[in-house]
Amino acid sequence: MDYLQHPFDAKRHTAFSKKGMVATSQPLAAQAGIEVMRNGGNAIDAAIATAAALTVVEPTSNGIGGDAFALVWVKDKLHGLNSSGPAPKNISVEAVKAMGHDKMPVHGVVPVTVPGVPAAWAELSKKFGKLPLSETLKPAIRYAEEGYPLTPILGKYWKLAYDKFKTSFTTEEYQSWFDTFAPNGKAPEIGEMWSSPGHASTLKAIAETEGRSFYKGELADKIDAFMKQHNGFLAKEDLAAFKPEWVDPVSTNYRGYDVWEIPPNGQGMVALMALNIFKNLGEPKWQSAETYHEQIEAMKLAFTDGKEFITEPEAMPVSVEHLLSDDYAKQRAGTIGSAASDPVPYELPKGGTVYLAAADEEGNMISYIQSNYMGFGSGIVIPGTGIGLQNRGADFSLEAQHPNVLKGGKRTYHTIIPGFLTKEGKAVGPFGVMGGYMQPQGHFQVVTNTVDYLLNPQAALDMPRWQWMEGKTILVEPNFPNYLAQALARKGHAIQVATDGGAFGRGQIIWRNPETGVLAGGTESRTDGSVAAW
């Protein structure tokens, strides 16, 4: 049987429940969250359990050595958590160039930044959880010890990574990746069991010490020793100094709904900027080439400006407030014409992954995302631990005048973004779309699908997506209507049709009825998505 063959269109329906719900990209991870909720945990505990399980059951997208962000709704207030780690203190542009690089490498020890995931779990548990971390991590530890069978999309991306790595990862520092993720000399197949005892031991240490082992204990020592052995920059002093940051979420009002994102260094601003520009262009029309054109142009402008200006807030040459202002949105909207454009950065005024959603019957809700950045991340795995380290530092610039220039102790422009929707001060619910630079584009499309067209959660996720690549190039899904693709091409867009939906992000949505408390969830049909309901 070919588990990736789907010759017929399939429709999923929205999932409903009352007591609790978890939506994510892996069925076993979603069930881990519900298991913890049934054992007395709340939505935050469920999210931690799901996130920990995802490091085991979807290592192609995330891991213990990645970063995390969360938007948490508790007692009628939205809280933001930025648990993205900075570059090591002793790294510099000069040091990287001295190693022979003219830009940041994608793999190896150089692009490794301080991991924020274990600290995010501990911080969320401490501030909002009902159960200790030793309870919430139990399902993940069990999956790592006992093993689990690979799901179809997981198996697909695991094999693609292995086929690439076996020819490019030929030096000693990568050997532990193969020992961990290709223990029999090949990638595990779809339906084949895979386990990771080292990963289980690491999760136990994190659970028993509330994350301290990772940042100041035995695990920190192992990371430090490996990096020193292979001329890396990350050191135990960097780990010991890290603390997640509670931040005030930023928002914009889009046609009566408040759309919330984490502020910079994340790229959530791009989705808000695009929504602000688009709402200045008139009423959207269903399946209209003109509306798609305006959406694409608004996203181009927002993304171009986001990549130009977004980094650590203190290093940005323009304020968050200005980029979210009506004045900025109207100026950018005024540059959009009837034909496709090659966007250029905004002239500054005188004077820049895995996702999950969880909710419980008490009204607690969480939008949570964590990532190794590019697939398996840096390709660096600390031997015997299951800790795959992220390559988030690959986004730093080595150009001295760029706002996002590499600097020791600095956080880079960050792609992973959780989203949240409210209306008139009441929670509508968490949403997110993972997938690198597709994420703000996915957020934009999910919000417009929901608000402008009143699509239910599942339909809002299933609607065919587009993705701006660069210049006038637009990638569309295979099921994107051909008549719309042709009309966009006549407007000057260089339309490319993808062979599958893998490049268009993986989303999850949970909306809550404020009167009845009933939860309505949608999950991603482009991956092994699942809604677990109670």
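Setting aside neighbours within four places in sequence, E245 is in contact (heavy atoms within 4.5 Å) with G80, L81, N82 and R411. This residue is found in strand β7, residues 245-247, where helices (H or I, at least four residues) and strands (E, at least two) are DSSP runs numbered from the N terminus. At 34% relative accessibility, E245 counts as partly exposed; buried means under 20% relative accessible area, exposed over 50%, and partly exposed in between, with a 1.4 Å probe and protein chains only.

The structure is a predicted model, in which local features need pLDDT of at least 70 and side-chain atom pairs count only at pLDDT 80 or more, whereas totals for chains, interfaces and linings use all residues. Residues are numbered from 1 along each chain as its sequence is written, and side-chain values use heavy atoms, with hydrogens and water left out. The pLDDT, the predictor's confidence in each residue from 0 to 100, averages 94 over the chain, and 98% of the residues score at least 70. Over residues 348-352, pLDDT stays under 50, and for this stretch the model has 15 contacts beyond four places in sequence.

The largest nonpolar core contains 92 residues, of which W121, L137 and Y368 touch the most other members; such a core is a set of buried Ala, Val, Leu, Ile, Met, Phe, Trp, Tyr and Cys residues joined through side-chain atoms within 4.5 Å. Helix α2 (residues 43-57) supplies the largest share of this core, with 11 residues. Another core, of 56 residues, lies apart from it and has M269, M273, V318 and V320 among its members. In soluble globular proteins, nonpolar side chains tend to be buried together. Beyond four places in sequence, the contacts of Y368 are A51, A68, F69, A70, A120, W121, L124, V354, Y355, L356 and P418.

Helix α2 also holds V57, which is buried with a relative accessible area of 0%. Leaving aside neighbours within four places in sequence, V57 is in contact with Q26, L28, A29, Y143, Y148 and L154. The C-alpha atoms of V57 and L150, which are 93 residues apart along the chain, are separated by 7.7 Å.

Buried residues are also found in loops. V112 has its place in the loop between α3 (93-98) and α4 (117-128), and counts as buried at 1% relative accessibility. Not counting residues up to four places away in sequence, V112 touches P88, M227, L234, S378, L389 and Q390, while its C-alpha atom is separated by 33 Å from that of V74, 38 residues apart along the chain. A187, in the loop between α8 (175-181) and β6 (193-194), is buried with a relative accessible area of 6%. With neighbours within four places in sequence left aside, A187 is in contact with W158, K159, Y162, F181 and A182.

Positive phi values occur in two non-glycine residues described here. Y373 has a phi near 80 degrees and is found in the loop between β11 (365-371) and β12 (381-382), where Y373 counts as buried at 9% relative accessibility. E424 has a positive phi of about 55 degrees and lies in the loop between β14 (419-423) and β15 (426-434); E424 is exposed, with a relative accessible area of 71%.

On a 1 Å grid over the protein atoms alone, a cavity is a set of points where a 1.4 Å probe fits but cannot get out, and lining residues have an atom within 4 Å of a point. Grid points are joined across faces, edges and corners, and a volume is the space filled by probe spheres set on the points. The largest cavity has a volume of about 90 Å³, and its lining includes K285, Y292, Q445, Y453 and W466. The elements giving two or more residues to this lining are α14 (289-309) and α17 (439-451). By class, the lining of the largest cavity has five nonpolar, six polar and one charged residues, where Ala, Val, Leu, Ile, Met, Phe, Trp, Tyr, Cys and Pro count as nonpolar, Asp, Glu, Lys and Arg as charged, and the others, Gly among them, as polar. The second largest cavity has a volume of about 50 Å³, and its lining has four nonpolar, seven polar and no charged residues.

Definitions and conventions
On a 1 Å grid over the protein atoms alone, a cavity is a set of points where a 1.4 Å probe fits but cannot get out, and a pocket is an open set with protein on both sides within 12 Å along at least five of seven lines; lining residues have an atom within 4 Å of a point.
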